[in-house]
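Biologist: Could you walk me through the inside of this protein?

Modeller: Happy to, let us look at it together.

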Amino acid sequence: MKFESILLPGVEAKRPIIIAGPCSAETEEQVMDTARGLASIGIKIYRAGIWKPRTKPGGFEGVGEKGLPWLKRVKSELGLYTTVEVANAKHVRAALAHDIDILWIGARTTANPFAVQEIADALEGVDIPVFIKNPVNPDLELWIGAIERIYNAGIHKIAAVHRGFSSYDKKIYRNLPQWHIPIELRRQMPDLPIFCDPSHIGGKRELIAPLSQQAMDLNFDGLMIESHCNPEKAWSDAAQQITPQVLEFILESLVIRDTMQTTENLSALRRQIDELDNNLLELLAHRMRVAEEIGWYKKEHNMPILQTQRYDEILQNRVQQAIEMGMDGDFMKTVLIAIHEESIRHQMEIMEKS
Ligand code: PEP
Ligand code: MN
């Protein structure tokens, strides 16, 4: 896949490219007030949800098509580009008929290949940038599949939007960031611009600044942030919206590290990492050889391979030790389970040998 630039005339290629605007278009006045505030802080791309996917019926489901002329006003009076979420072919046609500049596909839609294909078919022959949010579930293949469907329809101006992944564990985040997923997407598709949506990851205002900073440190290209002229009174996602003034403050506080300067220091550090990884591999191979010797011993003495008590002790001790060394306990558990599985595999091979 060869992606084309998503930058529209007048939008600078400087990180972060910002898309901002309310979760939902509510009234013409709210749309215009918010847009004026955002234009005054230099925002160039204005978002607003027109059709809102809600978890349960009875929530605010968006104003629908009657909101599209309001966005047209934003465009003609304030000169902002506009973007809306589309979830089916009807939305696509309505948005195009009202000169919307960019379309985005929401997380619930990306998770549904039928819906994505319907949107792709409706976009055949149209030249418009399309932003594709990650699916609600942490499935990179599904995300890439949606990107491919849109690309195959002839849309080559594509960006991905990382908005976190749904989970039961909502202690800190509304949607878990699972940064390794967009990082892997970047590895597989280095030319695809990636935006972060800290509003839907955090679910609360206080998390927008730290999440945006993390996204910048991970070299994301842009941010999609929900902003509302009167956040507390918002009809949807009130807890996570910020005024244009707060947005300006957050954007000014971001530290943007220049990716172009691959310094001497960095290559020295990278050499260290290569060497450490080598050592890790050697150590693991050594550990496997010892496990094999244990395998031979167990075989000669007719002992079973799996000795649960010993395994439990190893897990507990090592996890504790890892925590004391400043690592995450769950991380170490995952590593140990994988190592143990590989050791067992080696020992099974020995048992099968005659
Ligand atoms: C939104 O951007 O308002 C939205 C509904 O987002 P998501 O699809 O990420 O839940
Ligand atoms: Mn929202």
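Modeller: A nonpolar core here is a set of buried Ala, Val, Leu, Ile, Met, Phe, Trp, Tyr and Cys residues joined through side-chain atoms within 4.5 Å, where buried means under 20% relative accessible area with a 1.4 Å probe, protein chains only. This is a predicted model, so local features need pLDDT of at least 70 and side-chain atom pairs pLDDT 80 or more, while totals for chains, interfaces and linings use all residues. Residues are numbered from 1 along each chain, and side-chain values use heavy atoms, without hydrogens and water.

Biologist: Which residues touch the most other members of the largest nonpolar core?

Modeller: That core has 67 residues. Its largest share, seven residues, comes from helix 6 (residues 140-152; helices are DSSP runs of H or I, at least four residues). The members with the most contacts inside the core are L71, V84, I150 and L185.

Biologist: Which residues line the largest cavity?

Modeller: On a 1 Å grid over the protein atoms alone, a cavity is a set of points where a 1.4 Å probe fits but cannot get out, and lining residues have an atom within 4 Å of a point. The largest cavity holds about 30 Å³ of space, and its lining divides into nine nonpolar, no polar and no charged residues. They are I6, L7, L8, V11, I17, I45, I102, F131 and F195.

Biologist: What separates the centres of domain 1 and domain 2?

Modeller: The domain assignment, automatic or from a database, gives domain 1 as 17-253 and domain 2 as 268-352. Taken over C-alpha atoms, their centres are separated by 44 Å.

Methods:
Chains are lettered from A and ligands numbered from 1 in the order in which they are written. Buried means under 20% relative accessible area, exposed over 50%, partly exposed in between (1.4 Å probe, protein chains only). Helices (H or I, at least four residues) and strands (E, at least two) are DSSP runs, numbered from the N terminus. On a 1 Å grid over the protein atoms alone, a cavity is a set of points where a 1.4 Å probe fits but cannot get out, and a pocket is an open set with protein on both sides within 12 Å along at least five of seven lines; lining residues have an atom within 4 Å of a point. Grid points are joined across faces, edges and corners, and a volume is the space filled by probe spheres set on the points. Ala, Val, Leu, Ile, Met, Phe, Trp, Tyr, Cys and Pro count as nonpolar, Asp, Glu, Lys and Arg as charged, and the others, Gly among them, as polar.
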